[in-house]
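Thanks for coming. Please have a look at it first.

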Amino acid sequence: QVVLVESGGGAVQAGGSLRLSCTASGRALSGNPVGWFRQAPGNERDFVASINWSGGATYYADSVKGRFTISRDNAKSTVYLQMNSLKPEDTAVYYCARGGVVPNAKAYDYWGQGTQVTVSS
């Protein structure tokens, strides 16, 4: 069974930064594309960013482009989401998911439990 675990969430002021990490049991992330999604209360789960298996291709939602950076370290079976210039509208639970690079959440087969990010103005 594949278990994904997110970490690095927290509370920051607008303009601040956080780095989220996504790890998995064994080497379950290695060789697989990974995406980050987020869900604010009352909203659907939205695509944030994704990265292909090698790290050579990355994709971003327009709302985070230029502020967030997704990367991976396959030796550590870890995917990161560096979030800079955070805004209050970035407040959400952030999830990592394995299996795709597309914005459609249905393309991903395994999900973490999420980590809360709260940005205050």
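I start with S30, which counts as buried because its relative accessibility is 19%; buried means under 20% relative accessible area, exposed means over 50%, and partly exposed is in between, with a 1.4 Å probe and protein chains only. Before going on, a note on the source: this is a predicted model, where local features need pLDDT of at least 70 and side-chain atom pairs count only at pLDDT 80 or more, while totals for chains, interfaces and linings use all residues. Residues are numbered from 1 along each chain as its sequence is written, and side-chain values use heavy atoms, with hydrogens and water left out.

Back to S30. It sits in the loop between β3 (18-24) and β4; strands here are DSSP runs of E with at least two residues, and helices are runs of H or I with at least four, numbered from the N terminus. Not counting residues up to four places away in sequence, S30 touches R72, N74 and S77, where contact means heavy atoms within 4.5 Å. With N74, the side chain of S30 reaches the backbone oxygen at 3.2 Å.

Next, the aromatic rings. A pair of aromatic rings is described by the distance of the centres and the angle of the planes. Rings of Phe, Tyr and Trp (its six-membered ring) pair if their centres lie within 6.5 Å; planes under 30 degrees apart count as stacked, over 60 as edge-to-face, and the rest as tilted. The whole structure has 4 aromatic pairs by this search. In one of them, the ring centres of F37 and Y108 are 5.0 Å apart and the planes are at 85°, so this pair is edge-to-face. It links distant parts of the chain, since F37 is in strand β4 (residues 34-39) and Y108 is in the loop between β9 (92-98) and β10 (110-111), 71 residues apart.

F37 also pairs with W111, and here the geometry is tilted, with 5.0 Å centre to centre and 55° between the planes. That pair again joins distant parts of the chain: F37 in strand β4 and W111 in strand β10, 74 residues apart. Are these residues buried or exposed? F37 is buried, with a relative accessible area of 0%, whereas W111 counts as partly exposed at 24%. F37, F47, Y108 and W111 form one aromatic cluster.

R45 lies over two ring faces: that of Y95, at 3.7 Å from the ring centre, and that of W111, at 4.9 Å. The criterion is NZ of Lys or CZ of Arg within 6 Å of the ring centre and within 35 degrees of the ring normal.

Last, the charged pairs. Side chains of opposite charge can pair when their charged atoms come close. The search finds 4 salt bridges in the whole structure, each a side-chain nitrogen of Lys or Arg within 4 Å of a carboxyl oxygen of Asp or Glu. R38 and D90 form one, with the closest N and O atoms 2.9 Å apart. R38 is in strand β4 and D90 in the loop between β8 (78-83) and β9, 52 residues apart, and both are buried.

R98 pairs with D109, at 3.2 Å between the closest N and O atoms. R98 counts as buried at 13% relative accessibility, and D109 as partly exposed at 45%. Salt bridges that share partners join R38, R67 and D90 into one network.

Note on methods
Polar contact = N/O pair within 3.5 Å; in protein donor to acceptor, adjacent residues only side chain to side chain.
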